[in-house]
Amino acid sequence: MLGWDIRVYRLPKAGYKPAEDIPKQALCIARWEADVEGKRWLENLVEQGKALGYFHGGYSDRYTARAADILPIVRSDPPFRKVYRPLEEFLATPPNTDWRGGFDAAAADACHPDEWLVIEVWDQS
């Protein structure tokens, strides 16, 4: 499969400055598989000065951006997604089962607009 596995994390302590690490206690609030154009929206945010990019190369790429700039995009329709399911369904899916991701609306609602989130992007080629 060509594309990207995209994950959006909220850090354990709300961060009000850019972050690049993903601690074990981080909460995954969104995850989906995207087609080959799947990280273009993040690159556009970097060009607009609304996100920072780290660790490029696909294993994994990382970005960080404020919740106000990321969550409206992810909440409305994850960019370039293949299939989308509620996060509860994704979490209940046994390992090695075909799944395509989810979104935790309650966790997203708990984010402050100025809180920095980490976006991890894995190459699926």
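Is Asp 5 buried or exposed? I put this to the model, which is a predicted one.

**Entry 1: Asp 5.** I located Asp 5 in strand S1. Its relative accessible area is 3%. Since buried means under 20%, I recorded Asp 5 as buried. I then looked for a partner of the Asp 5 side chain and found a polar contact with the side chain of Arg 7, at 2.9 Å.

**Entry 2: nonpolar cores.** I looked up the largest nonpolar core and noted that it has 24 residues. Those with the most contacts inside it are Ile 6, Val 8, Trp 32, Trp 41, Ile 70, Val 74 and Ile 119. I also listed elements that each supply at least two residues of this core, including strand S1 (4-10), strand S2 (27-34), helix H1 (40-47) and helix H2 (67-76).

**Entry 3: aromatic rings.** How many aromatic pairs are there? I found the count to be one. The pair is formed by Trp 32 and Trp 41, with 6.1 Å centre to centre and 35 degrees between the planes.

**Entry 4: helices H1 and H2.** I examined how H1 and H2 pack and noted an angle of about 155 degrees, with their axes 12 Å apart. Angles over 145 degrees count as roughly antiparallel, and I therefore recorded H1 and H2 as roughly antiparallel to each other. Their crossing is right-handed.

Key:
Residues are numbered from 1 along each chain as its sequence is written. This is a predicted model: local features need pLDDT of at least 70, side-chain atom pairs count only at pLDDT 80 or more; totals for chains, interfaces and linings use all residues. Side-chain values use heavy atoms; hydrogens and water are left out. A nonpolar core is a set of buried Ala, Val, Leu, Ile, Met, Phe, Trp, Tyr and Cys residues joined through side-chain atoms within 4.5 Å. Buried means under 20% relative accessible area, exposed over 50%, partly exposed in between (1.4 Å probe, protein chains only). Helices (H or I, at least four residues) and strands (E, at least two) are DSSP runs, numbered from the N terminus. Rings of Phe, Tyr and Trp (its six-membered ring) pair if their centres lie within 6.5 Å; planes under 30 degrees apart count as stacked, over 60 as edge-to-face and the rest as tilted. A polar contact is a pair of N or O atoms within 3.5 Å; within protein, one must be able to donate a hydrogen and the other to accept it, and residues adjacent in sequence count only if both atoms are side-chain atoms. Axes are lines fitted to C-alpha atoms, for helices over the stretch in contact, and angles run from 0 to 180 degrees between N-to-C directions. Angles under 35 degrees count as roughly parallel, over 145 as roughly antiparallel, 65 to 115 as roughly perpendicular and the rest as oblique. A crossing is left-handed if the near helix is turned anticlockwise from the far one by less than a right angle, and right-handed if clockwise.
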